[in-house]
Amino acid sequence: MSWRESAACRDVDPDLFFPIGTGGLTLVQIGEAKAVCARCPVSKRCLEWALDVGQVEGVWGGTTESERRATRRRSARRKTESIGAKAS
């Protein structure tokens, strides 16, 4: 069974997870999407998938595009620091 079959969002309108805009009602929509993710048994797996494939748009695993971008930057920075430490 795929992790997607256990996702809390499976029976929710997909448009909820793809808000358009950056303020006002968009923030409410993001909050509602994150609330679904918060009660999801596979949200961690969902986030891992989104990071692995470089999913840019939407709310995945309880994170927005900008939150995933920040996570990828931190991960890349840690890898660079780790490589630098090994070379020393």
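**View 1. Surroundings of Thr 26 in the predicted model.** Leaving aside its neighbours within four places in sequence, Thr 26 makes contact with Pro 19, Ile 20 and Gly 21 in this predicted model. Thr 26 belongs to helix α1, which covers residues 25-38, and a polar atom of its side chain lies 2.8 Å from the backbone oxygen of Ile 20. Because its relative accessibility is 7%, and buried means under 20%, Thr 26 counts as buried.

**View 2. The largest nonpolar core and a second, separate one.** Eight residues make up the largest nonpolar core, namely Trp 3, Ala 7, Cys 40, Val 42, Cys 46, Trp 49, Ala 50 and Trp 60. One of these core residues, Cys 46, touches Trp 3, Trp 60 and Gly 61 when residues up to four places away in sequence are not counted.

View 3. In helix α2, which covers residues 43-53, the buried residues are Cys 46, Trp 49 and Ala 50. These three lie on the same side of α2, because they cover an arc of only 95 degrees around the axis. An α-helix has 3.6 residues a turn, so residues three or four places apart point the same way. The exposed residues Lys 44 and Asp 52 are carried on the face of α2 that is turned away from its buried side.

**View 4. The residue that follows helix α2.** After α2 comes Gly 54, which has a positive phi, near 75 degrees.

Note on methods
Residues are numbered from 1 along each chain as its sequence is written. This is a predicted model: local features need pLDDT of at least 70, side-chain atom pairs count only at pLDDT 80 or more; totals for chains, interfaces and linings use all residues. Side-chain values use heavy atoms; hydrogens and water are left out. Helices (H or I, at least four residues) and strands (E, at least two) are DSSP runs, numbered from the N terminus. Buried means under 20% relative accessible area, exposed over 50%, partly exposed in between (1.4 Å probe, protein chains only). A polar contact is a pair of N or O atoms within 3.5 Å; within protein, one must be able to donate a hydrogen and the other to accept it, and residues adjacent in sequence count only if both atoms are side-chain atoms. Contact means heavy atoms within 4.5 Å. A nonpolar core is a set of buried Ala, Val, Leu, Ile, Met, Phe, Trp, Tyr and Cys residues joined through side-chain atoms within 4.5 Å. The arc is that of the directions from the helix axis to the C-beta atoms.
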